[in-house]
Each structure stands twice: as C-alpha cells, then as structure tokens.
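Subject: Structure handover

Hello,

Here is the structure for you to look over. My notes follow below it.

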Amino acid sequence: MTPTEQLDRLLLERSVQRGEFTLSSGLTSSYYLDCRPTTMSAEGLSLIGALGLEAIRNSGWQADAVGGLTMGADPVAYAVAAASWKAQPALDAFSVRKEAKGHGMKRRVEGNFRTGARVVVTEDVITTGGSTKDGQWMKLNGIGGDRADGLYLKNFTIELFEFNAIYIL
C-alpha cells in the first residue's frame, strides 16, 4: 500500500462521519470529515509529514515556514516541519490564533513567522477553499493580505488528502 493509500485508509477509519451536516461554507453534506483524529495520530503525523513535504517540494516552492490557523492546521504544519528536518532544507512551523493573546507578548501569530517569509499555509479540511483562497483568515488574523505588508497571494492549490497550501511571498 502506498503512503497516500495508507492515509486514505486512516482518514476513512478515523475521520469520516455520516449524517446531515452544515459545513462552514454554508453547504450541507451527508458526511463530515473531522481530520483531527487522523492528523493527531502517530501514524497520521508520519504520513502527513512525508506526503505534505513531498507535495511542497514537488510544487517547486521555496518556502521558509509552514503553518496556518490553529487548531486544524497545527498538526499538519508540525508534521511537515518535522519531516523537513530529515530532508533539508528545513521548514519551520507557525500557528495563527483567531485573536491575539491578552497577556505576555500579546501575539496573534506564534512560532516561526516573520514578515516577508515565504510560507505555505495549511488547513486540515476545506470545503470550497474560498476563505483560504481569498486570504480572509489572514486579513482577520493580522497576517496582512496586501502588498503593503510585504505579503501577497502568489499561488493557491488544493493538494492531496484535503491538504491545501498557499504560497505567500
């Protein structure tokens, strides 16, 4: 079984639920994909790290970091960053809060993110890709979204296993 087939099997076993669900896009579905049981499992982390890194490298992107909106993106980003350590160049990880902390450094973005960095933005599940493609969560979460901040959307793609990525310069 290939790593992609292994991840497909794991997603089906752990993450697919049947019923009637309203998705964040407003669409309805007869199934729901909660990737966290997969992305937070030892097997899932290993598979996602290797496959995610492969997808990024095959795209030709030269990224500095990988991350996204907490909590769904966190295990995906951490798995890819960990896998990259063994297959240099390494990618660091970052996480974006829905709102800045009210204490300490009062950060909205934690980890290894800096303005001007080339980053891959991940999510665990998408329905239409609209919010990610439009950069809405970045604008809402203090990551810019226009050239004045040194960040702009360069490319958008939906990759394997509901893994999506934005390459930002």
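A residue is called buried under 20% relative accessible area, exposed over 50%, and partly exposed in between (1.4 Å probe, protein chains only). F113 has a relative accessible area of 21%, so F113 is partly exposed.

On provenance: this is a predicted model, where local features need pLDDT of at least 70, side-chain atom pairs count only at pLDDT 80 or more, and totals for chains, interfaces and linings use all residues. Residues are numbered from 1 along each chain as its sequence is written, and side-chain values use heavy atoms, with hydrogens and water left out.

Overall layout

The protein has 6 helices and 8 strands. These are DSSP runs numbered from the N terminus: helices are H or I with at least four residues, strands are E with at least two. Along the sequence the pattern reads α-β-β-α-α-β-α-β-β-β-α-α-β-β. Of the 169 residues, 40% are buried. Contact means heavy atoms within 4.5 Å. Take the contacts between residues at least 6 apart in sequence: 62% of them join residues at least 24 apart. The accessible surface is about 9100 Å², with 50% of that belonging to carbon and sulfur atoms. That area comes from the Shrake-Rupley method with a 1.4 Å probe.

Strand β3

Strands pair here if DSSP finds at least two bridges between them. L69 stands opposite V96 in β4. From β3 the chain passes through helix α4 (residues 73–85) to β4, in a right-handed β-α-β crossover. Right-handed means that, with the strands pointing away from the viewer, the path from the first strand over the helix to the second runs clockwise. β3 also pairs with β6 (residues 119–121), parallel, over 3 bridges. There, V66 has V120 as its bridge partner.

F113 again

F113 lies in the loop between β5 (109–111) and β6. Its C-alpha atom is 8.6 Å from that of G67, 46 residues apart along the chain.

S15

Is S15 buried or exposed? S15 counts as buried because its relative accessibility is 0%. It sits in the loop between α1 (3–14) and β1 (16–22). Its side chain makes a polar contact with the T38 side chain at 2.6 Å. A polar contact is a pair of N or O atoms within 3.5 Å; within protein, one must be able to donate a hydrogen and the other to accept it, and residues adjacent in sequence count only if both atoms are side-chain atoms. Leaving out residues up to four places away in sequence, S15 touches L10, Y32, L33, D34, C35, P37 and T38.

Best regards
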